[in-house]
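Keep the 3D view open and follow the topics in turn.

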Amino acid sequence: MKIRAAVIHEMKRPRPYRESLPMSVEEVELDGPGPGEVLVKMRAAGLCHSDLSTINGDRPRPLPMVLGHEAAGEVAEVGEGVTDLAPGDHVVFSFAPSCGACSSCLSGRAALCQPGAAANTAGHLLGGGMRLHKNGQKIYHHIGVSGFAEYTVASRRSLTRIDPDLPFHIAALFGCAVLTGVGALVHTAGLRLGQSVLVVGLGGVGLAAVMGAAGGGARQVIAADIAPDKLETAKAMGATHIVNSGDPDAVEQVREISGGGVDIAAEFAGVAKALEFAYESTARGGTTVTSGLPHPDVRFAISPTRMVAEERTLKGSYLGGHVPSLDVPEYIALYQSGRLPVDRLLTHRLKLDEINLGFDRLASGEAIRQIIDFD
């Protein structure tokens, strides 16, 4: 079938993106689903910094590629062997497909699925196939989703069926922002009642983490960013204190507020200095967790002696350490009960043809979460 999709052909085009047009909205061809795959009519897709990191070259990918990894849609057709989904079902995508059979999947760490990681790196679907092309040229899939398109084909292992009453523009947020932000604290860092938390970097993922920390029983939720408007937004979403991380004494401010350093510091800015700030703000025995994805060449220096003597922990968190098929429905239930108001992350809704304008907003910090509506 022929569909309209946003394709990136070249990284590192200059800003403003509304003029350089790194995302080209064009007609491409999409093959039907193979065995174990599903054709999905896209209904909503979010703009995330992980997409922006491909546009600006921080996260190199094979090109050309249809970007987009935070998305929700409606099943249009199922491939051979797919018996637990049917046309009309509503689904949320996961950008970390889980094969269900490798050692990572069998140990409950679906986000670390080994075949899934290999497929994502290659720009293929989990089964190794590629379903997008134009004029005989293959077009790569973005981490198993390629959500900036009218339709997409994905592995069944990339999809979670959801409550059909949930609006698609809200459902899409559960595919990345909510899982990554909340999970970094609840799953990866093991947040306990009464602990103090610092959240560094207040984009969609970071603000979801603020909500998760507040809802998870943290006694203090300190939000840090260099943008004053995002700090005020964090206060409205549950932060008990705010700190401008650009202040020269920002670490001292956090230590004073928390009484010597926080129990958990979570970094989502994707900047080495932000990770250093988070690490320095933790108490003895504290945990620093990061979901930021700077350029692969970026390095972060720490003192092993201090790590040992103070029993500090530094952990990475991918997809919040979740098993999406289990956790997405639970988080949706929390939203529907009013305990996780993730709709407050949404600042803009746009059409596919406005995608480059949307990435301008994201790069300049004007937006938290923007959703492309396909209706």
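This is a predicted model: local features need pLDDT of at least 70, side-chain atom pairs count only at pLDDT 80 or more; totals for chains, interfaces and linings use all residues.

Let's start at L345: beyond its neighbours within four places in sequence, L345 is in contact with A177, G204, L207, A208, M211, M237, I368 and R369.

**Nonpolar cores**
- L345 is among the residues that touch the most other members of the largest nonpolar core, which has 57 residues; L166, F174, V178, V197, L202 and V342 are the others.
- At least two residues of this core come from each of several elements, including helix 5 (168-171), helix 8 (228-236) and helix 12 (324-336).
- Helix 7 gives the most, with seven residues.
- Another core lies apart from this one and has 30 residues, among them Y17, V40, A71 and L350.

**Helix 6**
- Helix 6 (residues 177-188) is largely enclosed by the rest of the structure, because 10 of its 12 residues are buried.
- Among the buried residues are A177, V178, L179 and T188.
- Just after helix 6, G190 has a positive phi of about 65°.

- Six strands make up an open sheet with parallel pairing, in the order 13-12-11-14-15-16.
- Strand 13 (241-244) and strand 16 (313-316) are the edge strands, each pairing on one side only.
- On average, neighbouring strands are turned by 20° against each other, direction ignored.
- Strand 15 (residues 282-290) runs parallel to strand 16 and is joined to it by four bridges; T287 stands opposite T313 in strand 16.
- Helix 10 (residues 272-280) packs on the sheet, and its direction makes about 150° with that of strand 15.

Definitions and conventions:
Residues are numbered from 1 along each chain as its sequence is written. Side-chain values use heavy atoms; hydrogens and water are left out. Two strands pair if DSSP finds at least two bridges between them. Axes are lines fitted to C-alpha atoms, for helices over the stretch in contact, and angles run from 0 to 180 degrees between N-to-C directions. Contact means heavy atoms within 4.5 Å. Buried means under 20% relative accessible area, exposed over 50%, partly exposed in between (1.4 Å probe, protein chains only). A nonpolar core is a set of buried Ala, Val, Leu, Ile, Met, Phe, Trp, Tyr and Cys residues joined through side-chain atoms within 4.5 Å.
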